[in-house]
Amino acid sequence: MSLAAAPVRPLTIEEWYELYHDDEGGRCELVRGRAIVTPPEDPEHARMIGDLSFLLHPAFASSWRTLWGVGLLLRGDPDATFRSPDVSVLSRDIDMRGWYVHPHQVALAVEIASWQSVETDWVHKRAEYAAAGIPNYLIVDVRFDDGPRLWLFDQLVPNAGGGPTTYADTTGDGHSATLRLPGCDPITITAADLA
């Protein structure tokens with residue numbers, strides 16, 4: 001007699017939080033009810049997050065908060081999806097006592113794409129952030145020998161067939177991206193700023 005493995009039941013937001021909210025040594029996201037644990041950031045990735053936050057904060061501080069590692073609830077139960085962008089620019093009026101924010105509170109989500117995260121950042125998170133209505137998504141891709149590349153998705157396109165909203169093609173040339181957030185002057189970030 002063979003024993004079949006029982007199917008894994010998707011986690012609810014509350015179950016995921018109870019199991020992983022203080023996961024030491026890594027970061028855990030929830031994707032369609034499944035916990036996805038990633039290792040800690042390498043020092044270069046962490047440096048890039050800090051440098052980018054240092055550039056964004058003064059430009060947006062009058063109207064927005066620039067934070068890293070903030071939990072973002074993209075979809076509730078069932079099929080709960082909870083992500084943690086590398087950097088987020090959030091509404092100043094958010095309740096800082098909660099353990100996550102909602103997409104309508106996010107003006108910009110940033111991911112630092114590496115060899116390990118390229119599919120997640122370029123495909124999955126891009127689709128999820130667009131479907132959630134996040135107006136700006138910046139990818140800083142560090143897979144290039146001569147320094148990082150930047151691509152900004154800042155145009156949401158509703159699906160005419162009723163499917164999820166997507167982003168239009170990127171703006172910029174990979175070497176710079178101009179961010180335009182309500183209430184602030186535009187700021188251009190270059191690859192050289194992050195090299």
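Author: Phe153 and Tyr167 are both buried. This is a predicted model, in which local features need pLDDT of at least 70 and side-chain atom pairs count only at pLDDT 80 or more, while totals for chains, interfaces and linings use all residues. Residues are numbered from 1 along each chain as its sequence is written, and side-chain values use heavy atoms, with hydrogens and water left out.

Reader: How many aromatic pairs does a search of the whole structure find?

Author: The search finds 13 aromatic pairs. Rings of Phe, Tyr and Trp (its six-membered ring) pair if their centres lie within 6.5 Å; planes under 30 degrees apart count as stacked, over 60 as edge-to-face and the rest as tilted.

Reader: Why is the aromatic pair of Trp99 and Tyr100 called edge-to-face?

Author: Their centres are 4.7 Å apart and their planes stand at 80 degrees; the pair is therefore edge-to-face, as the limits are within 6.5 Å and over 60 degrees.

Reader: Why does Trp99 count as partly exposed?

Author: Trp99 has a relative accessible area of 32%. Buried means under 20%, exposed over 50% and partly exposed in between (1.4 Å probe, protein chains only), so Trp99 is partly exposed. Tyr100, at 28%, is therefore partly exposed as well.
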